[in-house]
Amino acid sequence: MSVESRSRAVSVELLARTRKVIAVHINYPSRAAQRGRTPLKPSYFLKPPTSLALGTVDAPGTVERPLGCELLGFEGEIALIIGRTARRVSPHDAWSHVAWVTASNDLGVYDLRYADKGSNVRSKGGDGFTPLGPRLIPAEELDPAALRVRTWHNDTLVQDDTTEDLLFPFAQLVADLSQLLTLEEGDIILTGTPAGASVAHPGDTIDIEVTGGTQSSGRLSTRVVEGTTPFADFGAQPKTDDTQREEAYGSREAAGLPPLAPALAPDLKKKLESVATATLSSQLRKRGLNNVSIDGLQATRPERRVVGLARTLRFVPNREDLFASHGGGFNAQKRAIDSVNDGEILVMEARGEKGTGTVGDILAMRAQMRGAAAIITDGGVRDYSAVADLDMPTYFANPHPAVLGRRHVPWDTDITIACGGTTVQPGDIIVADSDGILVIPPALAEELVDDCILQEQEETFIFEMVKQGNGVDGLYPMNAAWKARYVQWVADGASRD
C-alpha cells in the first residue's frame with residue numbers, strides 16, 4: 001500500500017468518527033481588514049459531518065453548486081482534528097489534544113444566507129461543502145504558530161497567509177470551545193480563512209495546501225460542477241443581491257460592482273445645511289438643471305433641514321406571482337432599511353401610487369435606529385401617527401392604512417430610480433427643508449454651495465436695504481452703484497467681525 005493510500009485509509013477511519021465540525025468566523029487579520037470588522041473574541045458556527053468530503057492526491061474531488069445558485073464561495077483553511085477528548089482544558093494544554101492538521105475548503109452558497117438567520121445551516125452545510133485532506137500531518141510535529149495556508153483558483157494563487165499573527169491562536173480556540181462542549185476524538189475545527197477567498201463557478205478547480213516546516217498536507221483539489229436538481233418550492237429558494245456579491249467576492253470591485261458613493265464630507269454637509277433649497281434651486285437653474293426637485297410630498301418634520309446621501313429602493317406594480325417570490329422574508333424593502341447607514345437618506349420609487357403604504361412604524365423606527373437622516377417616498381405611509389412621532393423626518397404622498405402588497409412588489413435596491421417626478425441615483429445629495437426637496441449631483445456640490453453662500457450674502461444685504469426703505473429698482477438685481485455699496489458693506493462687516 002502506498003503512502004497516499006495509507007493516508008487515505010487513516011482519514012476515512014477518523015472521519016467516520018467525526019461528530020462535530022466547528023468553524024471560526026474571522027481569525028486572520030487580513031480577513032478582518034477585508035471584512036471591515038475585527039472581533040474581540042472568537043465566534044463559531046457548526047457544519048454537519050455529512051458536509052465532509054475526502055480529498056485525494058491523484059484526482060480532484062467534486063462539489064455541486066446547487067442549481068439556481070450564483071455564489072459558491074470557497075475559503076482555504078487549516079483544519080484541526082481532535083485526537084484526545086478535551087473538556088475545560090487550558091490554552092497551555094490545549095494543543096496536546098489535537099492529533100492531526102490538514103487542509104480544508106469551507107465552501108458555502110451565499111444565495112441561501114438570507115434564509116439561515118446567521119446559522120449557516122443551508123449556506124454552509126451542504127453535502128460535500130467541507131473537503132478535507134488529502135494527507136494528515138501529525139500535530140505533535142508542528143508549531144501551530146508557524147503554519148502556512150495557500151489556495152489556488154484555477155492554478156492562480158489567491159490566498160497565502162501564515163498563522164504567525166492570528167487573532168485567536170489555535171490553542172485558544174480549542175480551550176475556548178472546550179469550556180461549554182466536549183471535543184471528542186475525530187471532531188474537526190476549521191480555523192478561519194485569510195483574505196482572498198472568492199467565488200468558484202462550474203468548471204473551476206480550487207486547490208488548497210497547508211504546510212509547516214518540511215510537512216505538507218498535499219494539495220486538496222476540488223472541481224466545481226453544476227447541480228441538476230432544483231430546490232423544491234416548500235423550502236427557501238436561492239436569491240442574492242449586491243451585498244451578498246460583495247461579501248462573496250471580497251470587494252465590490254472583485255464582484256464587478258460600481259463603487260459606492262463616498263460619505264458626505266463634513267465641511268460640505270455643513271455648508272449645505274446653511275443654505276436654503278430656494279437658493280440651491282436658483283443656482284441649479286443657472287447651470288441648466290431644472291428637473292431636480294422631488295415634488296408633491298408632505299413631511300412629518302417640515303421645520304427640519306435635512307442633508308444626506310441617497311440610498312434607493314424601487315417598488316414595481318404588484319403581480320401576485322412576483323409578490324410570492326419577492327415580497328416575503330428579507331425582501332428588498334427590508335434589506336434597504338436594514339442597510340441604510342448613518343446620515344443617509346432612503347429614497348423610494350413608488351410611482352406616485354397613493355393607495356397603500358410603502359413604510360410603516362416598525363421599519364421607520366429601524367431606519368432611525370440605524371442613523372438614517374430621512375425617508376422619502378412618493379407613495380403612502382402606514383401607521384402615520386407613530387411615524388410622525390419619530391425624530392427622523394419622513395417625506396410622503398399621504399397616509400394610507402393598506403399594507404405594501406396591495407399595490408407594490410419590493411424589487412431592487414441601490415439603483416437609479418424615479419421619485420416625485422425626478423431621477424435619483426445612489427450617492428446623489430439630497431437637501432430638504434420647508435420649501436421642498438432637491439437632488440444635487442455630487443460633482444456640482446462644492447461649486448454650487450459656495451455660489452449659494454455668496455448669493456445668500458447678497459440677498460441679506462438687499463433685504464436690509466429694502467428694510468431701510470430703499471426701492472428695489474436697481475437694487476434687486478444690483479446695478480453698479482449698489483454693487484459698490486455691497487462691497488463696502490461686506491468689508492465693514494468683516495472689520496466688525
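## Terms and ground rules

Buried means under 20% relative accessible area, exposed means over 50%, and partly exposed is in between (1.4 Å probe, protein chains only). By that rule C452 is buried, with a relative accessible area of 0%.

This is a predicted model, in which local features need pLDDT of at least 70 and side-chain atom pairs count only at pLDDT 80 or more, while totals for chains, interfaces and linings use all residues. Residues are numbered from 1 along each chain as its sequence is written, and side-chain values use heavy atoms, with hydrogens and water left out.

## A helix wrapped by its surroundings

Helices (H or I, at least four residues) and strands (E, at least two) are DSSP runs, numbered from the N terminus. The buried residues are F170, A171, L173, V174, A175, L177 and S178.

What lies over them? The cover for the buried residues of α5 includes β1 (21-24), β2 (44-47), β6 (76-82), α3 (91-94), β7 (98-105) and β12 (188-190). For a close-up, take V174: leaving aside neighbours within four places in sequence, V174 is in contact (heavy atoms within 4.5 Å) with L80, V89, A94, V98, L183 and I189.

## The nonpolar cores

In soluble globular proteins, nonpolar side chains tend to be buried together. Here, a nonpolar core is a set of buried Ala, Val, Leu, Ile, Met, Phe, Trp, Tyr and Cys residues joined through side-chain atoms within 4.5 Å. The largest nonpolar core has 42 residues, and I78, L80, V101, F170, V174 and L183 have the most contacts inside it. Two or more residues come from each of β1, β5 (72-74), β6, β7, α5, β14 (205-212) and β16 (220-226). Which element gives the most to this core? That is α5, with six residues.

There is also a second, separate core of 21 residues, and L313, F315, A367 and L390 are among them.

## Salt bridges

Now for the charged side chains. A salt bridge is a side-chain nitrogen of Lys or Arg within 4 Å of a carboxyl oxygen of Asp or Glu, and by this rule the count comes to 30. One of them joins E75 and R31, at 3.3 Å from N to O. E75 lies in the loop between β5 and β6, while R31 is in helix α2 (residues 29-35), so the pair ties together parts that are 44 residues apart in sequence. Both E75 and R31 are buried. These two also belong to a network of salt bridges that links R31, K47, E75, D106 and K124.

Another salt bridge connects R287 and E447, with the closest N and O atoms 2.9 Å apart. This pair links distant parts of the chain, 160 residues apart: R287 is in the loop between α8 (277-286) and β17 (293-294), and E447 is in helix α13. R287 counts as partly exposed at 23% relative accessibility, and E447 is partly exposed at 48%. A further salt bridge is made by R319 and D321, at 2.8 Å from N to O. R319 is partly exposed, with a relative accessible area of 45%, and D321 is partly exposed at 44%.

## Two buried residues up close

Where is T279? It sits in helix α8. T279 is buried, with a relative accessible area of 5%. Not counting residues up to four places away in sequence, T279 touches C452, Q455, E456 and E459.

I429 is in strand β28 (residues 429-433) and is buried, with a relative accessible area of 2%. Beyond residues up to four places away in sequence, I429 touches several residues, including L264, L268, V307, L309, V439 and A445. The C-alpha atoms of I429 and E344 are separated by 9.3 Å, although these residues are 85 residues apart along the chain.

## Cysteines

How many disulfides does the structure hold? With a disulfide taken as a pair of cysteine sulfur atoms within 2.5 Å, the structure holds zero. C69 counts as buried, at 5% relative accessibility.
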